[in-house]
Amino acid sequence: MSQPVAIKNALISVYYKDNLEPIIHELNRLGANIYSTGGTETFIRSLGVDVIAVEDLTSYPSILGGRVKTLHPKVFGGILARRSNDSDKEQLTQYEIPEIDLVIVDLYPFEETVESGAGHDDVIEKIDIGGISLIRAAAKNFKDVVILASKDDYTELYEILSSQNGTTTIDQRQRFAQKAFNITSNYDTAIFQYFNQENPLPVFKQSIHTSQTLRYGENPHQKGVFYGNLDAMFTKLHGKELSYNNLVDVDAAVALIDEFTEPTIAILKHTNACGVATRSFIKEAWIDALACDPVSAFGGVIIANAEINAETATEISKIFYEVLIAPAFTDEALQVLQEKKNRIILFRQPVELPTKQFKTLLNGVIEQDKDNTVEGPDQMSPVTNRQPTEQELKDLYFANKVVKHTKSNTIVFVKNNQLLSSGVGQTSRVDALKQAVIKAESFGFDLNGAVMASDAFFPFPDCVELAAEAGISAVLQPGGSINDKLSIEMCNEKNISMVTTGVRHFKH
């Protein structure tokens, strides 16, 4: 059984020295010997604390510009020696190697260097060799050694040292080792991802070392955790914590709103848009987005791509919503919005989003490129006798943006930069169209002169025929069906225009 370990010798060599000072003074008070290198050694001396240079222990200088400092048997022997193994202890005595009971080492900032846009040579120099080796060695020998691999744990270690008179328990050491291996595995993954950008190996590796426990998952009986740094993307200005379902909807909302540059508001429910409008002013965008389906908007997620002012906030506050997201809020708008206790208000910050998406499936994971393209008027090929008007092309572009972010099978109706209705998630495209027609009529929209977009081709001409009967004047679809000719002929018969894009936008 492992006994509590009293720290007699410590090796400290860190990149980040913030909040390290209290530990140094506590080790000095306890009478521990401190070994160190380079800048950390200088830092410790500046505190008036005695320190032994690692090169005095190894009788070997730092070489290769600092690339080799601690990679020596007198260092690793002192860390890896098993205190309960007589042979190990004899060899420590034979080679005059001190037992190192505490290792405080962090890693060069590799990820930060990559994110800074530094050159390749600078990135390579931030691949830590000695540090990660020391961490692995100390963590492997956690039965006898304390490993601290992150500045985030400085305070915890200080409290342990000061309250336990310089000793640690096996449970504490194992917990620190667990954290250390988390750090090294994340570090190795980051390095691999950097090298795996060109001619990538067909492997799946992800490492996200920040997390947030959610109230529950999709349903109350399911546990939920978000892995990532939400604080980098959003500042929560008001309301309760985000739930699993909130996050799923927020993700869909962000993806949709990023398709638009002019003042736009979108309202989403269960990841599908139930209202989208682009207008000259954000208040008008809200009014027309809500008009699309005010029933479904209840309890939804609202996202804007422009500042929310007081007038808009007053209108939005008239309904119940779960989450409101915008890149800016006026002070007056926040005063209005914060009157509602539990409604979540998020200020969105500019963050580069991943270009890949993945999810667990069966006994593995599937990964794909994000669908980061949407076809505009220049990519729309007219295939009918009647050509689309300039306004119809604009509306078809708008509709194509929305249909791309709507669950398949889907049909979207748009007029004058406003979503009128959609049929979503149907097993039949005809059913999706019928659903869209019924919804548009139920909220009083006139479909005459509206346009229609489909996420995939029409296998038969029935959708086009029904759309024409409802008043649709222009249709967008990817094309590619063996029956495209029949759909085109139906458009010609009904005197409506059709364009094809050559790009399907399934969303499952």
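Helices here are DSSP runs of H or I with at least four residues, numbered from the N terminus. By that count, D462 lies in helix 18. The model is predicted. This briefing covers its charged side chains and its aromatic rings. The structure holds 23 salt bridges, and a search of the whole structure finds eight aromatic pairs.

**A negative patch on the surface**

- D462, E465, E469 and E493 gather on the surface as a patch of negative charge.
- Helix 18 spans residues 462–470 and gives three residues to the patch, the largest share.
- Is D462 buried, partly exposed or exposed? D462 has 31% relative accessibility, so it counts as partly exposed.

**Salt bridges**

- Side chains of opposite charge can pair when their charged atoms come close.
- K179 forms a salt bridge with E156, and their closest N and O atoms are 3.0 Å apart.
- This pair links distant parts of the chain, with K179 in helix 10 (residues 170–195) and E156 in helix 9 (residues 154–163). The two residues are 23 residues apart.
- K179 has a relative accessible area of 23%, so it is partly exposed. E156 is also partly exposed, at 31% relative accessibility.
- K356 and D369 meet through their side chains in a salt bridge of 2.6 Å, N to O.
- K356 sits in strand 16 (residues 356–361) and D369 in strand 17 (residues 364–369), so the pair ties together parts 13 residues apart in sequence.
- K356 is partly exposed because its relative accessible area is 41%.
- D455 and R429 also meet in a salt bridge, at 2.3 Å from N to O.
- D455 lies in the loop between strand 21 (451–454) and helix 18, while R429 is in helix 17 (residues 429–442). The pair links distant parts of the chain, 26 residues apart.
- Are D455 and R429 buried or exposed? Buried means under 20% relative accessible area. D455 has 1% relative accessibility, so it counts as buried. R429 has a relative accessible area of 8%, so it is buried too.
- Which residues are linked in a network of salt bridges? They are K8, R83, K89, E99 and D101.

**Aromatic pairs**

- Planes over 60 degrees apart count as edge-to-face. The rings of F110 and Y187 have planes at 65 degrees and centres 6.2 Å apart, so this pair is edge-to-face.
- F110 lies in helix 6 (residues 110–115) and Y187 in helix 10. This pair links distant parts of the chain, 77 residues apart.
- F110 counts as buried, at 1% relative accessibility. Y187 is buried as well, with a relative accessible area of 5%.
- F260 and F398 form a tilted aromatic pair, with 5.2 Å centre to centre and 55 degrees between the planes.
- F260 is in the loop between helix 12 (244–257) and strand 11 (264–269), and F398 is in helix 16 (residues 390–404). The two lie 138 residues apart, in distant parts of the chain.
- F260 has 8% relative accessibility and counts as buried. F398 is buried, with a relative accessible area of 3%.
- F110 and Y187 also belong to a cluster: ring pairs link them with Y194 and F195.

Notes. Residues numbered from 1 in each chain as written. Predicted model: local features only at pLDDT ≥ 70, side-chain atom pairs only at ≥ 80, totals over all residues. Heavy atoms only, no water. Patch = residues over 30% accessible without salt bridge, like charges linked within 9 Å, V, L, I, M, F, W, Y side chains within 5 Å. Areas by Shrake-Rupley, 256 points an atom, 1.4 Å probe, with all protein chains shown as cover. Salt bridge = Lys/Arg side-chain N within 4 Å of Asp/Glu carboxyl O. Lys, Arg positive; Asp, Glu negative; His and termini not counted. Charge placed at Lys NZ, Arg CZ, Asp CG, Glu CD. Buried < 20%, exposed > 50% of the residue type's maximum accessible area, 1.4 Å probe, protein only. Phe/Tyr/Trp six-rings, centres within 6.5 Å; stacked < 30°, edge-to-face > 60°.
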